Amino acid sequence: MRFLHSADLHLDSPLRSQGLRDPSLARRLQGASRVALARLVDAAIEKEVDALLLAGDIFDNGVADVTSRVALAGELRRLSRAGIATVMIRGNHDALLDHTRYGPLEEGVVLLDTARPTCHVGDAAIHGLGFESRHVATSLLPRYPAAEAGIVNVGLMHTSLGGAEGHDLYAPCSEADLLDHGYDYWALGHIHKRFERRSEAALAVMPGIPQGRHAREPGRGSATLVEIDGAGIRAREIPLAAVAFEAVDVDLGPAASLGERRELIGRALAAAARPDVEIAARLRIRGAGMLAAEAGLARRLAEEACEEVDGVHVEAVRLVAGPERATPGVVAELAALMQEDVGTPGFRDEALAFIEDWRATLPADVAEALDPAELDSLIAEGLDAVIARLTMETSPE
């Protein structure tokens, strides 16, 4: 048996990227999740899988954008015409979604839930229970059917397992209990970073998000191709993302002029380019020198350099205080004091209050970039920028 497993498409998710200031990058990001969906279907047809497994969070909320719903229906229709079944469950983001809101599901598409927790595809029993409310605080595993004897058993589950950074607990379940349930393969969803868990008899895979939505979801999104036969269970990644968020480090310390700085930035961006995916680059610049004195100068240099590199866009620019800047003296003492201050509850409470005030007044797409859950990251970036400016060196033009 051969399956293609994906989850967390988030087809109508709001974008959270400073790259929205770049119209070219914004257009690519807006359509990236649908490109990933099309690539997913292309891969399923090319690999001649028995079924596409979608483990929840197909959409991002309880009322799907009509164009995203039409895009999904059209792609699943391609699968159906190729004789490939689609089996899906609801995740926490689309828990209340009525998949028939704009018409019935395509022929060959099965939505597993409490009314129908099992379907059969060839010699495999596929089991799944989706979310019926936005948050499920207890494990769904005890409600899953027992494995059927003599055939392949596959489970679809949307779960945070024991928990992961950046994810609240949703339908928590221990990995040991999951792998001991008697199924051959667990097609998981919810956590946006790919990983595998294996026992002697079973394999569980979290495929990760197919298309990252912001810089905190970096790398090339993928689905997982699963093959189950007498030789065992094998899984491998199939890349899908149309746009990949990548951190690009560049040290401008050796540069003596703006031209040399632009050249170093251009080399770093060119090294990040990939032939089959657009790169949204978050530049982390060390040794910024005079660039720290003028807001926006580093970004302008990066954008100029980017014009000569195909397929790479500047998502954001960060001035980072490298180890060479952490010299003894007043700046080092001041940096230590600032680091101590930002760790106090009072500072964090005030910072969160500022963030909430800004989010209330900024446009929605910009406000999404100021995620209170990312407070530590925002503080660290701010400290780096301040220290970079305090330790700047004047340099000739």
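A residue is called buried when its relative accessible area is under 20%, exposed when that area is over 50%, and partly exposed in between (1.4 Å probe, protein chains only). The structure is a predicted model, in which local features need pLDDT of at least 70 and side-chain atom pairs count only at pLDDT 80 or more, while totals for chains, interfaces and linings use all residues. Residues are numbered from 1 along each chain as its sequence is written, and side-chain values use heavy atoms, with hydrogens and water left out.

Helices (H or I, at least four residues) and strands (E, at least two) are DSSP runs, numbered from the N terminus. Most residues other than glycine have a negative phi. Against that background, phi is positive at Leu-161, near 50°, and at Ala-171, near 45°.

The packing of the interior comes next. A nonpolar core is a set of buried Ala, Val, Leu, Ile, Met, Phe, Trp, Tyr and Cys residues joined through side-chain atoms within 4.5 Å. The largest such core has 27 residues, and those touching the most other members are Val-250, Ile-265, Leu-269, Leu-283, Ile-285, Val-312 and Val-317. Two or more residues each come from strand S13 (243-251), helix H4 (258-272), strand S14 (278-286), helix H5 (297-306) and strand S15 (312-319). Another core, of 26 residues, lies apart from this one and includes Ala-44, Ile-84, Leu-111 and Leu-240.

Contact here means heavy atoms within 4.5 Å. Neighbours within four places in sequence aside, Ile-265 is in contact with Val-250, Leu-252, Leu-283, Ile-285, Leu-301, Ala-302 and Ala-305. Leu-301, Ala-302 and Ala-305 are also among the buried residues of H5, together with Leu-297, Ala-298, Arg-299 and Cys-306. Seven of the 10 residues of H5 are buried, so this helix is largely enclosed by the rest of the structure. The cover over its buried residues includes H4, S14 and S15.

Ala-125 is buried, with a relative accessible area of 0%. Beyond its neighbours within four places in sequence, Ala-125 is in contact with Thr-118, Cys-119, His-120, Glu-148, Ile-151, Val-152, Asn-153 and Val-154. Ala-125 and Ala-149 are 24 residues apart in sequence, and their C-alpha atoms are 9.8 Å apart in space.

Cys-119, one of the contacts of Ala-125, is buried at 3% relative accessible area, and Cys-173 is buried at 5%. Zero disulfides (pairs of cysteine sulfur atoms within 2.5 Å) are found in a search of the whole structure.
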